[in-house]
Structure formats: C-alpha cells, structure tokens
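My notes follow the structure.

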Amino acid sequence: MSVLHALQTRAAPFVALRHDLHRHPELGLKEFRTSELLAQQLQSWGYTVTRGLATTGLVAQLQRGKGVKRLGLRADMDALPIHEVNVFEHRSVHEGVMHACGHDGHTAMLMAAAQYIAQEVEYSGTLNLIFQPAEEHPGGAKIMIEEGLFERFPCDAIFAAHNMPGVPAGQLVFIEGPAMASSDDVTITLTGVGGHGAMPHRAQDPIVAAAAIVMTLQTIVSRNVDPQHTAVITVGSLVAGQANNVIPASARLELSVRSLDREVRDLLQERITQLVTAQAQSLGVLAQIDYKRDYPVLVNTAAETELARQVGTELLGAERVTRQGRALTGSEDFAVMLEHCPGSYFMIGNGAGESTGEGTGDSAVAHACMVHNPGYDFNDDILPVGAAFWALLTQRFLKD
Ligand SMILES: [Zn+2]
Ligand SMILES: [Zn+2]
C-alpha cells in the first residue's frame with residue numbers, strides 16, 4: 001500500500017480531530033485545550049513530549065536506530081479573533097474566535113503523520129514534531145527559540161506547510177529562496193504647535209507635514225528600491241485633528257512595510273527614517289519614529305527545498321507539484337525558525353474556484369475562500385496528502 005493510500009484509509013479520526021479543533025478554536029498563547037489534547041495522544045503513540053515552550057507550545061520527540069540526523073516538522077495551532085459565518089456542524093462554539101487560517105488542519109495533518117510514523121515508518125535518527133502557538137500574533141516561533149527550542153531539540157533541517165485557497169486541492173507549491181515577505185510596523189508621531197485655523201502663521205501644522213510625508217514615502221519604492229525587487233509601504237492610518245478651524249498639535253501615521261529581501265528591508269528602514277526626519281524638520285514639526293521589526297523575510301534554502309520537491313513528486317507525481325511558485329507579500333513567523341536552521345516552507349492547495357466568503361454552507365465555497373475570511377474552512381481532503389508528505393519526508397531524510 002502506498003503511503004498516500006495508507007494515510008487516506010487512516011484519515012477519519014484525524015478529520016474528526018480537525019473538526020474538534022475547529023469547533024474549539026483558541027487564540028495565540030492560549031492553546032491550552034489544544035495542546036493538552038495533542039500531548040495525550042502523542043504520548044500514547046510513544047513520543048517523548050515536552051510542554052510549556054512559549055506557554056502552550058510542545059515538542060514531541062521520537063528517536064529510532066543509530067542515525068545521527070535530526071529532523072524538525074512544525075505545525076501552528078492558533079486561531080484568529082474573527083466571528084465565523086459558516087453554518088456547518090463543526091463551526092466555532094467560541095464567540096469571536098475562529099480557525100480562519102487552517103491551523104486546525106495543519107495540526108491535524110501533523111498528528112495523522114505522527115501516528116503513522118510511530119506505528120509504520122522505519123527510519124534512523126531523531127524526529128522532532130514542533131507544535132507552535134501564536135503564529136498569527138504575537139509570534140510563537142520567536143518565543144520558543146528564545147526559550148531554547150533549538151538548543152534542547154537541535155534540528156539539521158526544519159519544514160512547515162500552509163494551506164492555500166485558490167490553488168487546486170492537494171497541489172504542492174515549492175518556492176526556493178525568498179518566499180514570504182518581512183513585515184514591519186512603523187508608528188510616526190508628529191508634534192507641532194496647535195492654533196487657530198484662521199491664523200496658521202502662529203502655529204506649526206502637523207497635518208501639512210503628515211500629508212507631505214505620505215507623498216514623500218511613495219518615492220522610496222519608486223526611486224530607491226531596485227525595480228526588480230519587491231517592496232510595499234502602506235500608510236494604513238493617519239489620525240489628526242477634530243475640528244475644521246483648529247490646527248492640532250500632533251498627528252499620527254501607522255505604516256505597514258514589507259519586502260522580500262533582507263537588504264531591501266534594511267534600505268526601507270534607513271530611507272523611511274531619513275525622509276520622515278528631514279521632511280518634518282523642513283516643515284517645522286518634530287517627528288518621533290517607532291520602528292518595530294516584526295516577522296523577517298522567509299527564505300527557503302536550496303537543498304532542503306529540492307528534497308521537498310523530490311518527496312512531493314514521488315508522492316503525487318510531477319503534475320501535482322509546482323517546482324517554483326511565486327513569492328507572496330504575506331508574512332509567516334516560521335521565517336524566524338528558518339533564520340536558525342536550514343529548511344523549507346511550502347504551500348498545499350486548499351481548493352480552486354471563486355468565493356465571496358459568505359458562509360453559504362457549501363464546502364467548495366469555503367475551501368476556495370481566502371484565509372482570514374469569516375467564511376473560510378480547511379479542506380479535509382488534503383489532510384492525508386499533507387500527512388503522507390510528512391511521513392515520506394521523514395523516511396527520506398532520516399535514512400541511514
Ligand atoms: Zn493567518
Ligand atoms: Zn496561517
């Protein structure tokens with residue numbers, strides 16, 4: 001029996017687990033019920049389970065044979081603060097919390113693999129299954145690493161997968177090199193001198209300065225970044241003033257800054273800081289810049305991505321493998337793990353088609369619906385595909 005067929009015949013209890021997790025979603029660092037459920041099952045299959053990394057994170061380890069290689073497979077467990085509009089039976093019972101990114105599916109997929117590997121797969125080496133909290137917010141990967149993840153559980157390579165609506169179900173998409181963008185949050189506070197709207201010469205207007213800064217920032221992407229590189233600077237919030245005849249004393253701008261290259265990321269920070277400071281000074285207001293570096297660029301290493309492609313092709317055939325997909329401007333905190341260890345993060349299609357995300361109860365509509373939409377749902381048909389991929393990757397990576 002092929003690995004894929006074996007996982008398909010064993011899928012039912014893990015689809016049930018997925019539905020249970022979907023019904024009981026938990027926000028980042030609060031995945032207490034989820035991790036308790038996983039720990040019990042993993043222990044019963046023979047894994048050594050370490051709990052408490054990043055509060056609710058856990059690592060399940062299974063060592064076999066004399067092999068010295070160590071493999072890490074990671075799944076995320078957290079849900080989002082979204083009110084689910086789906087009407088199916090496994091919809092969320094926690095008001096305002098929803099598995100709208102499919103992390104319930106990623107977790108169930110790795111659990112199905114964990115059971116199969118423990119019971120059926122021969123390998124030689126150490127397998128570390130990393131169940132990570134708080135991918136969405138505030139970044140559980142970083143916390144686990146700060147608490148000693150890779151010192152306590154060293155890995156020679158790590159892998160993770162994310163479902164992707166709009167891509168045919170079960171299609172595997174690999175991306176060598178930069179695959180997901182860095183994401184930085186910048187808050188700019190402009191302080192001027194408030195005054196009467198009729199007498200602007202007696203004030204220092206932060207609104208005019210804010211407007212000038214918004215326009216000037218657009219020149220960074222068009223004039224400073226190499227046209228062949230990707231960069232995004234979005235001013236998503238500009239707050240100032242309350243009345244038409246009052247010049248306020250301050251204004252606040254909030255920016256989302258993204259790039260697909262570590263050097264471009266540095267360039268953006270340097271130019272934003274320079275331009276904002278100079279522009280504010282030229283207009284007589286003071287700029288305070290709070291530049292918060294959030295998730296880094298996610299970079300997949302070449303050798304590990306090639307191994308993943310080979311495993312995907314062996315499992316599904318070349319036609320269901322996209323060897324080099326396009327990078328995305330979304331972000332993912334597995335990027336932090338990849339800064340410490342070689343590895344690869346890939347996409348698994350959740351289902352093609354069009355969706356308005358209105359929670360019609362039609363599962364094909366929910367599968368094509370974009371993640372973070374209140375009408376989204378993980379596609380259970382891809383659960384055995386992802387689980388079989390993890391099992392075969394373990395076999396291929398941890399061979400003598
Ligand atoms: Zn998400
Ligand atoms: Zn996600």
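The entries below take the helix, then the cavity.

**Ground rules.** I worked from a predicted model, where local features need pLDDT of at least 70, side-chain atom pairs count only at pLDDT 80 or more, and totals for chains, interfaces and linings use all residues. Residues are numbered from 1 along each chain as its sequence is written, chains are lettered from A and ligands numbered from 1 in the order in which they are written, and side-chain values use heavy atoms, with hydrogens and water left out.

**Helix H3.** I looked up H3, residues 32–44; helices are DSSP runs of H or I, at least four residues, and strands runs of E, at least two, numbered from the N terminus. From first C-alpha to last, its 13 residues reach 19 Å, close to the expected 18 Å (1.5 Å times one less than the number of residues).

I listed its buried residues (under 20% relative accessible area, 1.4 Å probe, protein chains only): Thr34, Ser35, Leu38, Ala39 and Leu42. Seen down the axis of H3, they fall within an arc of 125°, taken from the directions from the axis to the C-beta atoms, so they line one face of the helix. On the other side, Gln40 and Ser44 are exposed (over 50%). Gly46, which follows H3, has a positive phi near 105°.

**Second largest cavity.** I took a cavity as a set of points on a 1 Å grid over the protein atoms alone where a 1.4 Å probe fits but cannot get out; lining residues have an atom within 4 Å of a point. Arg74, Ala75, His106, Met109, Leu110, Ala161 and Trp390 line the second largest cavity. H4 gives the most to this lining, with three residues.

Methods
1 Å grid on protein atoms, 1.4 Å probe; cavity = no way out; pocket = protein on both sides within 12 Å on 5 of 7 lines; lining within 4 Å.
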